[in-house]
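Open your viewer and get ready to select residues by number. This tour goes stop by stop.

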Amino acid sequence: MNQHRASRGMRTAMLALAAVSAAMIALVPMATPAAAADPPGTLRGWGLNSSGQVGDGTFISRLTPTRVVGLSDIREVRAGGMHNVALAGDGTARAWGSNSAGQIGDGTLTDRPTAVRVPNLANVTAVRAGGVHSLAVTADGAVWAWGLNASGQLGDGTTTNRTRPVRVQGLPGPASNQVSAGDSHNLVVLRDGSLWAWGNNNNGQLGDGTTTNRTRPVRVAFPGGLRAVEAGRHHTIASHTDGTVYAWGDNSQGQLGDGTTTDRRTPSQVPGLTSVIQISAGNFHNLVRRGTSPRTAFAWGQNSKGQLGDGTTVTRTRPVRVLGLTDPNSVRAGGFHSLGQEVDGSTPVRAWGDNSSGQLGDGSTTNRLVPVVVPGITNSLVDLAPGNQHSIALAVLT
């Protein structure tokens with residue numbers, strides 16, 4: 001009897017001890033392996049993939065970042081409408097995605113879900129992807145173009161599409177790496193600091209005071225001290241070395257930032273912006289980053305999808321601050337969405353705006369009016385390339 005009670009008491013004590021032990025274990029957080037950073041020079045893509053523009057070897061759209069296959073040692077990447085161009089460490093250019101007008105540059109009109117080398121280009125120092133065309137600069141200062149040429153955006157004096165690179169004609173000197181491709185127009189800064197433009201000019205986006213398309217480059221009168229230039233869909237923005245910003249071309253959505261919706265055929269200063277160290281132009285909106293401490297991001301133009309990141313869908317004809325970025329390291333404007341990277345490294349990439357094809361990478365197709373975290377990218381420095389409805393991220397060396 002006493003033995004039975006003792007045995008029952010011992011079992012009760014052991015069960016109680018087990019319960020306490022289980023409770024203590026439950027209080028200790030389970031260790032979760034930290035996500036490994038991508039090797040420098042590798043890429044991830046997400047969003048619309050109908051033409052293979054995500055680069056994972058399929059035509060399946062992706063709601064979260066997936067590795068771009070077959071590429072390593074990439075130094076620069078740019079996303080166009082539905083294609084991408086990358087600069088490899090060996091000085092060659094690689095391209096993938098839609099090839100409807102030869103914008104991949106491989107001599108065909110075949111879409112490429114994995115990257116192919118652009119032939120006949122060596123010693124490449126910069127690449128850019130436009131709406132349906134592509135650009136490259138080589139070490140000798142030559143500018144090369146391929147793809148759609150309906151508005152003269154290839155700069156070879158014709159309106160003939162090219163499935164392989166052709167040299168841009170008429171530049172009076174070697175180009176710097178400051179080159180930009182818009183939907184159907186381009187701009188380049190020469191090594192002497194002068195600004196040149198060619199292609200579509202329906203809204204004055206070339207900045208030469210006319211609305212005449214140019215099949216060869218024309219000079220743009222810019223008030224000296226040009227730091228960077230960016231081509232949007234039918235507008236252009238440029239930054240001055242004094243930290244101010246200029247804009248010209250289409251202003252139907254307030255993308256020139258001057259408080260009006262009046263097109264401008266020559267560079268016009270965006271009021272209220274100073275200390276700007278980075279600019280980026282999307283289809284109808286722009287982003288800039290100020291170098292003040294802490295750094296801040298501002299946006300203006302079309303906002304129907306929340307691409308300005310100010311928590312609204314109200315179009316802005318003057319710059320407004322992007323919410324939720326406490327100290328941005330970079331910002332990029334895509335078609336109708338935007339990407340940014342924070343300095344802190346804990347959640348380095350954020351996205352906002354149109355998400356109809358998963359181009360924000362947060363696992364949903366819900367538009368976001370303020371920046372949200374893009375999961376799975378932990379690199380402390382990332383080169384961001386938003387396209388029209390897809391995005392590419394490059395892990396770069398810190």
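Is Arg112 buried or partly exposed? Arg112 is partly exposed, with a relative accessible area of 23%. Buried means under 20% relative accessible area, exposed means over 50%, and partly exposed lies in between (1.4 Å probe, protein chains only).

Some ground rules before you go on. This is a predicted model, where local features need pLDDT of at least 70, side-chain atom pairs count only at pLDDT 80 or more, and totals for chains, interfaces and linings use all residues. Residues are numbered from 1 along each chain as its sequence is written, and side-chain values use heavy atoms, with hydrogens and water left out.

**Stop 1: salt bridges**

A salt bridge is a side-chain nitrogen of Lys or Arg within 4 Å of a carboxyl oxygen of Asp or Glu. Asp106 is buried, at 13% relative accessibility. The structure holds 16 salt bridges.

Next, select Asp56 and Arg62. Their side chains meet in a salt bridge of 2.7 Å, N to O. Asp56 is buried at 11%, whereas Arg62 is partly exposed at 25%.

Now go to Asp258 and Arg264. Their closest N and O atoms are 2.9 Å apart in a salt bridge. Asp258 is buried at 12%. Arg264 is partly exposed at 28%. Then select Arg78, Arg332 and Asp383: salt bridges that share partners join them into one network.

**Stop 2: a nonpolar core**

Select Val143, Leu171 and Val188. Of the 15 residues in the largest nonpolar core, these touch the most other members. Such a core is a set of buried Ala, Val, Leu, Ile, Met, Phe, Trp, Tyr and Cys residues joined through side-chain atoms within 4.5 Å. Strand β11 (175-181) is one of the strands that supply at least two residues of this core. β11 gives the most, with three residues. Strands (E, at least two residues) are DSSP runs, numbered from the N terminus.

**Stop 3: an open sheet**

Which order do the four strands of this open sheet have? The order is β2-β1-β28-β27, with antiparallel pairing. Two strands pair if DSSP finds at least two bridges between them. Select the edge strands, β2 (62-67) and β27 (382-386): each pairs on one side only.

β27 and β28 pair in the antiparallel sense over five bridges. Look for Leu384, which stands opposite Ala393 in β28.
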